[in-house]
Amino acid sequence: MEPARATPASPQAPVTARDWDERVDRASQKLPESVQRGVAWLREPARFPVRLLAAILLILGGIFSILPVLGLWMLPLGLALLAQDVPGLKVPMEKSARWIEQQWRRWRGR
């Protein structure tokens with residue numbers, strides 16, 4: 001029998017790369033079907049060059065967010081894409097997501 005895993009919201013829960021992958025899976029399930037297919041296509045291992053190029057462009061767009069159309073929203077999206085291929089980024093991305101959720105709950109008064 002597998003040991004019970006701590007919930008993502010608990011502060012003592014160890015953060016793993018698998019947690020980030022599961023978060024991305026859950027988030028993609030909430031998207032429209034056509035976007036889900038696009039995300040699944042982009043996450044395939046053979047799409048590494050496309051993912052890398054898109055991640056770099058999004059990160060650069062986030063850095064130059066002062067310009068019209070480009071925005072700060074592009075930076076975390078680029079990092080999330082890059083995390084697909086750089087396992088060392090998955091844990092910091094998951095920790096950041098948990099921190100944002102915690103702040104959001106606190107701000108909303110829950």
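Over which residues does pLDDT stay under 50, and how many contacts beyond four places in sequence does the model have for them?

A: That would be residues 1-7, where pLDDT stays under 50. For this stretch, the model has six contacts beyond four places in sequence. Keep in mind that this is a predicted model. For the chain as a whole, the mean pLDDT is 85, and 87% of the residues reach 70 or more.

Now for the rest of the chain. Of the 110 residues in the chain, 20% are buried. As for contacts with a separation of 6 or more, 40% of them link residues 24 or more positions apart.

Let's move on to helix 1, which covers residues 17-29. Arg18 sits in this helix, and it counts as exposed because its relative accessibility is 52%, with the cut-off for exposed being over 50%. Arg18 also shows you how the chain comes back on itself: Pro87 is 69 residues away in sequence, yet the two C-alpha atoms are 9.7 Å apart in space.

Pro87 brings us to helix 5, which spans residues 87-108. The axes of helix 1 and helix 5 come within 7 Å and cross at roughly 60°, so these two helices are oblique to each other. Their crossing is left-handed. On the helix 1 side, the contact is made by Ala17, Asp19, Trp20, Asp21 and Arg23. Helix 5 brings in Lys90, Val91, Met93, Glu94, Ala97, Arg98 and Glu101. Sort the residues of this contact by type and you get five nonpolar, no polar and seven charged.

Next, have a look at helix 3 (residues 48-63) and helix 4 (residues 74-83), whose axes come within 7 Å and cross at roughly 155°. That angle is why helix 3 counts as roughly antiparallel to helix 4, the cut-off being over 145 degrees. This crossing is left-handed too. Helix 3 takes part through Arg51, Leu52, Ala54, Ala55, Leu58, Ile59, Gly61 and Gly62. Facing them from helix 4 are Met74, Leu75, Leu77, Gly78, Leu79, Leu81 and Leu82. Here the residues divide into 11 nonpolar, three polar and one charged.

Definitions and conventions
Residues numbered from 1 in each chain as written. Predicted model: local features only at pLDDT ≥ 70, side-chain atom pairs only at ≥ 80, totals over all residues. Heavy atoms only, no water. pLDDT = per-residue confidence, 0-100. Contact = heavy atoms within 4.5 Å. Helix = DSSP H or I, 4+ residues; strand = E, 2+ residues; numbered from the N terminus. Buried < 20%, exposed > 50% of the residue type's maximum accessible area, 1.4 Å probe, protein only. Axes fitted to C-alpha atoms, helices over the stretch in contact; angles between N-to-C directions. Parallel < 35°, antiparallel > 145°, perpendicular 65-115°, else oblique. Left-handed = near helix turned anticlockwise from the far one by under 90°. Nonpolar A, V, L, I, M, F, W, Y, C, P; charged D, E, K, R; others polar.
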